[in-house]
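Please load the model in a viewer and keep the selection tool at hand.

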Amino acid sequence: MRRKIKVAVIGAGRVGNSHIQAILKSPEQIELGGIVEQQAALANETAKTNNTRAFYSVEEALSNTDIDAYVVCLPHHLHYPIGKQILEAGRHVLIEKPLGIHLREVRDLIQTAEKHGVYVMSGQSRRFYNPIQQAKEYLPAIDGPTNLLYNFACIFTKDSAPVWWREEKKTGGLVLGMLGSHSIDMTLWMFEGRRPVRVYCETRKITDVFEGDDAGSIIITFDDGCIATNYLSICHSPLKHECLIEGRKGSIYFNHEGDHDGVIGTSATKVLVNGKQLDTSDDPDCFTLQIREFTSAILENRQPSTSAQNVYSSYLVLEAAKESAKKHQSIDLREFI
Ligand SMILES: NC(=O)c1ccc[n+]([C@@H]2O[C@H](COP(=O)([O-])OP(=O)(O)OC[C@H]3O[C@@H](n4cnc5c(N)ncnc54)[C@H](O)[C@@H]3O)[C@@H](O)[C@H]2O)c1
């Protein structure tokens, strides 16, 4: 017998709102169980607007046993401790990317979830864009990928970025933690079935607004010699967010427009296969499809598609990229960790 999953959102900031709207778009399957936000005025206002309860701390929310699952939308350094707290309380959790600052934290979240018989999902929202899922289905037709170029170049300023971005210990390396956690996962997903064997990364600081490096490049080599390059920047204007995938029999190209304007995750996505535009739709948006996957997995008692276990290799590559950038050397993943 299907029942509804009651989900509370922790953190009523930029992305918290996208998750709240996604939950409200799925009333047959999901009920909004509350908003957890440490800023009381924001908690009250968000709860009122969305017709739900406000909690002012995670402890207070967890003492309500009617909430089945949580979505963590917090600064990066809080993902691991709060995610772990939720898992130890026997609740499922969807944690915004990255799952933790360090790979050991990701490993511990996996072990904690398995110990308590619950699920931990990584918020790889970009995999859930409808048009990108369609684009991926064309990979066999182009006999690819052989090479991939992912360009995620956006603009954040002192005024538009959350205050916690200014402290490197809270972001986990700024551009790598922030954008690399998306681009690496997208890359590995497109190369599904191949094994990443080597990573080389360089990062640098262009502006003085934030503490960490704000731009960089990552090169990932796979076991069959295929190469993927990610270019990342948070100081590029106007935003350019696109991906070029080569195969032996053609190419796939996609881009997003407007996914940092208004509600995060709502964008116009264009997909071209061999230069011809596909007829795609961004409705439902990626956050809606993501939360439906999370709650369906709970109801069906299976791992979500982007569970921490399933995307572990993305976090391995992310950690290797940070290490490579620090040492200015390529990292052989077969000897790493
Ligand atoms: N998937 C995506 O496309 C996407 C897009 C943007 C951000 N993100 C991710 O979402 C996460 C949050 O980013 P954001 O931009 O929404 O940040 P934000 O600063 O806008 O929101 C964070 C909120 O958490 C609250 N908060 C902080 N500590 C708290 C605590 N202990 N208890 C309760 N509330 C607390 C803050 O008051 C703030 O309102 C980050 O991991 C970020 O990388 C993902």
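Which residues line the largest cavity? In this predicted model, select Gly100, Ile101, His102, Leu103, Val106, Tyr315, Leu318, Glu319 and Lys322, which form that lining. A search of the whole structure finds one cavity of 30 Å³ or more, and the volume of the largest cavity is about 50 Å³.

Next, colour the selection by class: five residues of the lining are nonpolar, two are polar and two are charged.

Then display the helices. H5 (103-116) and H10 (312-327) each contribute at least two residues to the lining of the largest cavity, and H10 provides the largest share, four residues.

Now colour by domain. Domain 1 (5-126 + 288-307) and domain 2 (129-283 + 316-335) each give at least three residues to the lining of the largest cavity.

Move on to the ligand and select its surroundings. How many residues surround the ligand? There are 24, and the closest are Arg14, Glu37, His76, Lys97 and Trp164.

- Glu37: a polar side-chain atom is 2.6 Å from an oxygen atom of the ligand.
- Val15: a polar backbone atom lies 2.8 Å from an oxygen atom of the ligand.
- His182: an N or O atom of the side chain is 3.4 Å from an oxygen atom of the ligand.

Finally, show the surface of the ligand. Taken alone, the ligand exposes 850 Å², of which the protein buries 90%.

Technical notes:
Residues numbered from 1 in each chain as written. Predicted model: local features only at pLDDT ≥ 70, side-chain atom pairs only at ≥ 80, totals over all residues. Heavy atoms only, no water. 1 Å grid on protein atoms, 1.4 Å probe; cavity = no way out; pocket = protein on both sides within 12 Å on 5 of 7 lines; lining within 4 Å. Points joined across faces, edges and corners; volume = space filled by probe spheres on them. Nonpolar A, V, L, I, M, F, W, Y, C, P; charged D, E, K, R; others polar. Domains from an automatic or database assignment. Near = heavy atom within 4 Å. Polar contact = N/O pair within 3.5 Å; in protein donor to acceptor, adjacent residues only side chain to side chain. Areas by Shrake-Rupley, 256 points an atom, 1.4 Å probe, with all protein chains shown as cover.
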